[in-house]
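Biologist: I'd like to go through this model with you and ask how you back up each label. Ready when you are!

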Amino acid sequence: MEKRFTKNAVILANGKFPEHLDLLGKLGGACKGDACIAPTIVCCDGAVQKLLDFGIEPSVIIGDLDSISEENKIRFADILIHNPDDETNDLTKAVNFCIDKGIDTLEILGATGLREDHTLGNISLLANYVEVLTSVKMFTDHGIFTPISQTTTFESFQNQAVSIFSIMPETRITTDGLAYPIQNRTLRSWWEGTLNRSLGDNFTIGVDNGKIIVFQCF
């Protein structure tokens, strides 16, 4: 019988394992009374041992399987997904697996830290994922990256640090509720939309002709 998955999942990539308590809670699931709901955890192969050391077993392990021990290959043989495609990375393999299984809401952990080139690559890939998912967010110990391709209102709090990264230089951006407003302009370089802050409990970003990635500090 084919394994069934929920419509939402957590992907654990092989970057820095999260330390923030809220993020660790996403791996552990939620309990109400005596009932506990374990999340679907799609684990990139290089992150398996980190998750096991935390005391949690993955729902699925995916990747080229060159970063998982032989012991764990045997132990988790029934949930291993071997994808040898060297034209993409293990994070994207995990995302594509979720899409194939009808999972449309993703929270990505462990995709930053350790190596700056991997961090930048993984963050930029969010712009690809937003095209095919209902919701996708990447969490770090310091905040949340959210890709958008249309006008979006974000929950916030006063003085929350906010940065905007434009993936395509022709994208026109308009903001409302940020200390340093942007009015129908393009951002020609990644730094131009950084170090802004929220004025209240929400802010809105309008996007015309493209995709952007928004970072909110915790």
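Biologist: How many strands form the open sheet, and in what order?

Modeller: It's a predicted model, so keep that in mind. The sheet is open and has 10 strands, in the order 6-5-4-1-7-8-9-15-11-13, with mixed pairing.

Biologist: What makes strand 6 and strand 13 edge strands?

Modeller: Strand 6 (80-82) and strand 13 (196-197) each pair on one side only, and that's the mark of an edge strand here.

Biologist: How do you know that strand 4 and strand 5 pair?

Modeller: Pairing takes at least two bridges. Strand 4 (residues 41-44) and strand 5 (residues 60-63) have three bridges, so they count as a pair, and the sense is parallel.

Biologist: What joins strand 8 to strand 9?

Modeller: A hairpin, through three residues.

Biologist: Why is the link between strand 7 and strand 8 called a right-handed crossover?

Modeller: The chain leaves strand 7, passes through helix 5 and reaches strand 8, which gives the β-α-β path. With the strands pointing away from you, a clockwise path over the helix is called right-handed, and this crossover is right-handed.

Biologist: What makes a group of residues a nonpolar core, and which ones have the most contacts inside the largest one?

Modeller: The members must be buried, nonpolar types such as Leu or Ile, joined through side-chain atoms within 4.5 Å. The largest core has 27 residues, and Ile11, Leu91, Leu106, Ile108 and Tyr129 have the most contacts inside it. Helix 4 gives the most to this core, with five residues.

Biologist: How do you know that leucine 91 touches Ile11?

Modeller: Touching means heavy atoms within 4.5 Å, so a pair that meets that cut-off counts. Leucine 91 touches Ile11, and its other contacts include Cys44, Ile108, Tyr129 and Met138.

Biologist: Which residues belong to the other core?

Modeller: That one lies apart and has 20 residues, among them Val10, Phe17, Val48 and Leu51.

Terms used:
Residues numbered from 1 in each chain as written. Predicted model: local features only at pLDDT ≥ 70, side-chain atom pairs only at ≥ 80, totals over all residues. Heavy atoms only, no water. Helix = DSSP H or I, 4+ residues; strand = E, 2+ residues; numbered from the N terminus. Buried < 20%, exposed > 50% of the residue type's maximum accessible area, 1.4 Å probe, protein only. Lists of a residue's contacts leave out its neighbours within four places in sequence.
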